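The sequence and structure come first.

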Amino acid sequence: MLVGPSTSRHRRRLVGRDAEFNSWDVVLRRPDRSPRTLVVTGDPGLGKSRLLTELRDHATDLGHTALTAQGRQVGEPRPFATLAAALDPFVARHRDTTGVGSILDEFASELRPLVPSSAPGTASLAAPTTQRRVTATRMLLEALTEHTPLAVLIDDLHWADEESLDLLGQVCRRPPTGVAFGLAYRPRQTPGSFTAVVDAMLVAGDAISHLLSPLSIGDARKLLAGEIQELDLHRLHALTGGVPQYLLALPAGISAPLQAELAPLNEPALLVAQAAAVLGPDFDPALIPALTELPSGEVVEALDDLERRDILRFSETPGRLAFRHPLVRDAVYQTSGGGWRRLAHLRAAHALRAGQLPAESWAHHVEQSATVGDHEAIDVLTRAGASVRWTSPGSAAHWYRTALRLLPDDPADNSRRAELMVAEAEAGLDAGGLHQSREVFLNTLHLLRADGPSVLRSRAGIGAAKAAEYGGRYDEADAILSVDLDACPTRTDATAARLVQQRALARWFLGDRMGAREDAERLLAPTMPSLPSVAGVVSRCVAAYVLVLDGELSEGSHHAELAGQALDLLPDAALLEELFAVAWCTWALQAAGTADSAISRHLRAIALARRSEQVLALALLLTVQGNAFRSLGRLAEARRALLEAYELARLLNSDHLVSLAAMFLVEVAVLQGDSSETARYAEVVAAKDHGRSNWVTACCAGANGRILLDAGDPQSCLDTVMSGCGGPELPRMDPAGRSATFELLVRAALTRRDRSLARRLATAAAKAGRETSGSAAAYSALAESRVLLDLGNNTTASERASSAEQLFAAMSMPIEAGLARVVLSRALRADGRRASAVSELRAAHHAFTAAGAARLEEGASRELRRHGVHLAPVSTKDQPADRLGSLSRREHEVAEHVARGLTNREIATVMFLSEKTVERHLSSIFTKLNVRSRVRLATFLYGSEETAPPKSCLP
């Protein structure tokens, strides 16, 4: 990637400006052809000056003489001062160059302001005309190129004098041969007469223009390589908006460059800016007089000055103004004294309250100006928290926490304190404050210990149990919830339903299947809230989840479908409060084999979770989405969702979600043949304490077994899985998971050539399959077919494999159906039916390719070659990186969307294309890059140097 000339003068790598640098290279290498002017525009801090320094160095490297100048902000500029700064020193050194002296003599009056050190002191009687000055300047520049071409680079043209801008615009429209221009300015502060000239040059093809944009997160990573941790990088990028100057300055303190920008402001303008900073990043200018006590006319004049300097801008909201960047606002805010700021906030609060605005719009000013014991302020902050509870739980938690700080330490206020503590912890938990919220909930329960059962105490118990559950403390969650439920065992109100819902989940994760099942049945009892009430909808979602995973597919999926229909009818405002219910509904439907019906609802919930910043719900929803996509054979999308879920879970320090996301990621990585990613998440699942008997650790033991078998260690696979799942009967696993795990153990036993153990395990799998239907029956049939094939009973093996394939297909599990086809193919081949064997193997290969299961795809290709069927090799290991250059701009955009996990329909929507057009682009991309699946395309784009080639083997 071209990032500027690779010379030793670089102090820091120039990143994210390839297009601008390449355009300058074009301008320099064509001295007698248009375009010969490069125009770089952008907001302050985006690196215009830094870029012009690199452009100057590149011009010098190519043999040009670089003339540089910069517009000056301070003082009244002298006419032609900016151009004189560029030309005068160089002309003074070359006064005696052939042709230069005669031009200076002939056009003395015209050139004296430009080259005061060189032009003769006498002037002609005729006053200089604009056209003569333009002609003289053009002739002078052309004469100066006698030995080397010139590169004239002028920065900060928005501060240049008017005469320099007019003359420069006319010269650039017809530049002298051998002269290239590089110009940089802020478009909002540059006179319209000059920008109009630039626009005309662009239309005529006489100039190239680039509007600098903030750096992407990838470019910011390169800019700060080795200087900052990844998490800090994301926070810094979000704070600075990707502005390079702020990215570089913020870690060490950004005040210096911004304070320098504020220095020229007069006292009224600075006061108005400070008042604006108090009002916020986006504000109503009509409030400024109330904060500053300045006359309206003086305020208007100051606002005009701040807008001209691009400190303030017109907001996207009509009638409002905004700071250019939040960091500019912060810098202005810090210039005022603490006492004045408090008074200004108090005035702002009074002014906004008088305008009958909602509490959240002026709660910030109350926070900054209120004192302890101000009950009116506490009421305002409480209302503000309630109003944004579900749209911005982090903000809500902040307002509740602030109200608590203002509450006096008086026993008479304990009731209100408990209410605020519960409200803060509930909002904080949704915003991701898992462990802090748990502590607040437990403290609230302690505060209410003398009280009897109440709705507030139940809310605190539900919150404490939820926080404990996501922290991996399932027994603690069960105990907390049981206290309230045991105290009033006959309660049937909505609060009781919430308690039972949370306990059913805690008991399931704890491994108490019987207790979870009892709670699920209690939720469905006629006396409990039922549809269409929201509490009834959530109860059905939770009950469906427990029932389906416990083997009751028919009943559980029925309740999940009814609950899903009810969820679809909820408006966004109501669904925001029940995002967790969507996750349980989707998981139940996925386990029942009907995940497709839940995807659109699930994506809606994810979008709402992102919009409202409900981080805990988002992490769970992404985990469930990844599991559903893995089941549906959409591995690239599964990986994308699970990677985000895993990173969120780590940030939340949620042991529960980290374990689930890592467990599902292991499955995806094994299927994709990504050994490095498998190893990364293997450490997480292997670290789970298998000595604790719960469902999550049992599932992690199963995932660890897959890793060990994949690594060629079947004995460790058998030992680990049986130990982690509670023994040879795998009692800690759910029915579907038990059958799948038995099938895994059958493969391990057959790999060890232990046929006796394999038969016992297959028998256990068959028993588990008979207890339920769906995937459990499919896995048991697949396990039986493997043992029968190993025993030479080919006909029965093919029948059982065919049955497994049909069951998996009915459950929308294409990868597992493909694995059953592989076993069926082997049985058919052993039975002498080669054509049918090849047909089944081709179908399996197609399924693996479509899913992006690279490891299985390679294994199917190998088996096909044994049949004499040769497919084109598919490998990304040695793909040359320059093949990306063969893609058109549109094809590259399509490839990027595919690599991010979008479907063809989603790409068509984003790019305003038809699906058929997307398919044509994708076919062309596959051909040009020599890849055959979407996951291999993603690997080619982002991981070809880090991802090991998949092993060619099939289970």
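Helices (H or I, at least four residues) and strands (E, at least two) are DSSP runs, numbered from the N terminus. The model is predicted: local features need pLDDT of at least 70, side-chain atom pairs count only at pLDDT 80 or more, and totals for chains, interfaces and linings use all residues. Residues are numbered from 1 along each chain as its sequence is written, and side-chain values use heavy atoms, with hydrogens and water left out.

## Salt bridges

Side chains of opposite charge can pair when their charged atoms come close. Here a salt bridge is a side-chain nitrogen of Lys or Arg within 4 Å of a carboxyl oxygen of Asp or Glu. The structure holds 48 of them.

| Pair | N to O distance | Location |
|---|---|---|
| Asp-25 and Arg-29 | 2.8 Å | both in helix 1 (residues 18-29) |
| Arg-507 and Asp-478 | 3.3 Å | helix 25 (residues 494-510) and helix 24 (residues 474-487) |
| Arg-821 and Glu-840 | 2.5 Å | helix 42 (residues 814-830) and helix 43 (residues 834-851) |

Burial is scored by relative accessible area: buried means under 20%, exposed over 50%, partly exposed in between (1.4 Å probe, protein chains only).

Take the pair in helix 1. Asp-25 and Arg-29 sit four residues apart, about one turn of the helix. Asp-25 is buried at 17% relative accessibility. Arg-29 is exposed at 53%.

Next, Arg-507 and Asp-478. Their salt bridge has its closest N and O atoms 3.3 Å apart. Arg-507 belongs to helix 25 and Asp-478 to helix 24, so the pair ties together parts 29 residues apart in sequence. Arg-507 is buried, with a relative accessible area of 13%. Asp-478 is buried too, at 15%.

Then Arg-821 and Glu-840. These side chains meet in a salt bridge at 2.5 Å, N to O. The pair links distant parts of the chain, 19 residues apart. Arg-821 is partly exposed at 22%, while Glu-840 is buried at 18%.

Salt bridges also form a network. It links Arg-513, Arg-517, Glu-521, Asp-550 and Glu-552.

## Cysteines

A disulfide is a covalent bond between the sulfur atoms of two cysteines. The rule used here asks for a pair of cysteine sulfur atoms within 2.5 Å. By this rule the count is zero.

Cys-725 is buried, with a relative accessible area of 0%. Cys-488 is partly exposed at 22%.
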